[in-house]
Amino acid sequence: MRPTRAVIDLDALRHNLQVTRRVAPYSKVLAVIKADAYGHGAVVCAEALGPRTDGFGVATLDEALELRTAGVRHPVVLMAGFFEADELPTLSEQRLDPVIHSPWQVEQLLEASIEAPVRVWLKLDTGMHRLGLTADEFRTAYARLRQAPQVEDVVLMTHFADADETSNRETAAQFERFQQTTSGLEGAQSLANSAAILAWPETHGDWTRPGMMLYGWSPLDRPTPACDELQPVMRLESSVIALHRLEAGETVGYGSRYLCSRPTLIGVVALGYGDGYPRTAPDGTPVLVNDRRCTVAGTVSMDFITVDLTGAEETRVGDPVELWGPSLSANEVATHCGTIAYELLTRVSSRVPRHYVERDERDEENSLSPHG
Ligand SMILES: *Cc1c(COP(=O)(O)O)cnc(C)c1O
């Protein structure tokens, strides 16, 4: 069997949710599991988090329906709302809460005939200029939606552009604009993504929206005590399937990019960009072989990478490789590749089997719920 797989530690996922709760103890948690839970598997993650979370955030209607089909009954928020009015009856039937970010959505919702009213998450653009209403549009929409028969409840929300930069003053400025525009308006408030949960406690509000921190990686530009408690959930692993002893002057891989400057042991690992490992990984990108730090050597190909095993010369065919996980930071790999851990995780392709692990939880479950 091909040794490449993503091992998903569901205990770590639950632990990270506990960290979220401890950092923001007065907020409900909307666990963000869009894009197949950042590559970890949305349904399994939803079931693992279910008893301890208050709702889930997804990007698309298909993602939401996948959860409902699997029997998830929590509130589910569509982070981009609906894309066309014909989705509204399904939202109403399936109790899916749309984010309302644009005036056209307000109009379509107010014209819709739906059976049951929906809870809307009304989004204010406080400076990111991606999705969200202007302050004037927001207050007008709020007044109309509050009276509309199609609307059960209005949650007030915004999203931060720079919360990962712990010295950037824009987050405070966005927060200030949010407070000004929502002052006097009733409704729960939701502002904080992972970075804001970790670095900007004044923004926690009634509902936090953690994504990345649940998967165990901090988005912040500097460590904090809570960041250090996060446990990576995914370990992307494979193994060495071939070895080559090369002489000084020989080259490795497509484009002969890697030139051995001395006699070098090269290992071939059974994973490539077809599995979602970034083709942009330059020579020097860290790879753990037998828990030793080695480096990418040569262009990443579709099904393989090649690794310089200098310092790990005892390596044998079959030895384990970690591409990122508990022993190798996805943030560090991402930095080498000119991207962020979000993209690395989300791009792990469907070709990579997800292997779920958790300790036997029966004892804990029993003590938590006497009727369980
Ligand atoms: C994706 C997303 C989040 C989660 O962001 P993280 O940085 O992963 O915590 C929160 N809110 C919105 C609106 C999002 O789109």
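**Entry 1: the pocket lining.** I began with the helices. H11 gives the most to the lining of the largest pocket, with three residues. I kept in mind that this is a predicted model.

Next I looked up the volume. The largest pocket holds about 740 Å³. I then listed what lines the pocket and found 30 residues. Closest to the centre of the pocket are Lys34, Tyr38, His159, Asn193 and Tyr342.

Which elements give two or more residues to this lining? I found helix H2 (34-39), helix H9 (194-199), helix H11 (330-336) and helix H12 (341-346).

I sorted the lining by class. The lining of the largest pocket has 18 nonpolar, seven polar and five charged residues.

Entry 2: I asked where the ligand sits. The ligand takes the space of the largest pocket.

I looked up the residues around the ligand and found 13. Lys34, Tyr38, Ser194, Met212 and Tyr342 come nearest. By class, this shell has six nonpolar, four polar and three charged residues.

I put the two lists side by side. Lys34, Tyr38 and Tyr342 are among the residues closest to the pocket centre, and Lys34, Tyr38 and Tyr342 are also among those that come nearest to the ligand.

**Entry 3: polar atoms at the ligand.** I checked distances to oxygen atoms of the ligand. For Lys34, a polar side-chain atom lies 2.6 Å from a ligand oxygen. For Ser194, a polar side-chain atom lies 2.5 Å from a ligand oxygen. At Gly211 I noted a polar backbone atom, 2.9 Å from an oxygen atom of the ligand.

How much of the ligand does the protein bury? Taken alone, the ligand exposes 390 Å². The protein buries 92% of that.

Entry 4: I turned from the pocket to cavities. How many cavities of 30 Å³ or more does a search of the whole structure find? I found one. The space in the largest cavity is about 40 Å³.

I wrote down its lining in two groups.

Notes: Residues numbered from 1 in each chain as written. Predicted model: local features only at pLDDT ≥ 70, side-chain atom pairs only at ≥ 80, totals over all residues. Heavy atoms only, no water. Near = heavy atom within 4 Å. Polar contact = N/O pair within 3.5 Å; in protein donor to acceptor, adjacent residues only side chain to side chain. Areas by Shrake-Rupley, 256 points an atom, 1.4 Å probe, with all protein chains shown as cover. 1 Å grid on protein atoms, 1.4 Å probe; cavity = no way out; pocket = protein on both sides within 12 Å on 5 of 7 lines; lining within 4 Å. Sits in = over half its atoms within 2 Å of the grid points. Nonpolar A, V, L, I, M, F, W, Y, C, P; charged D, E, K, R; others polar. Points joined across faces, edges and corners; volume = space filled by probe spheres on them. Helix = DSSP H or I, 4+ residues; strand = E, 2+ residues; numbered from the N terminus.
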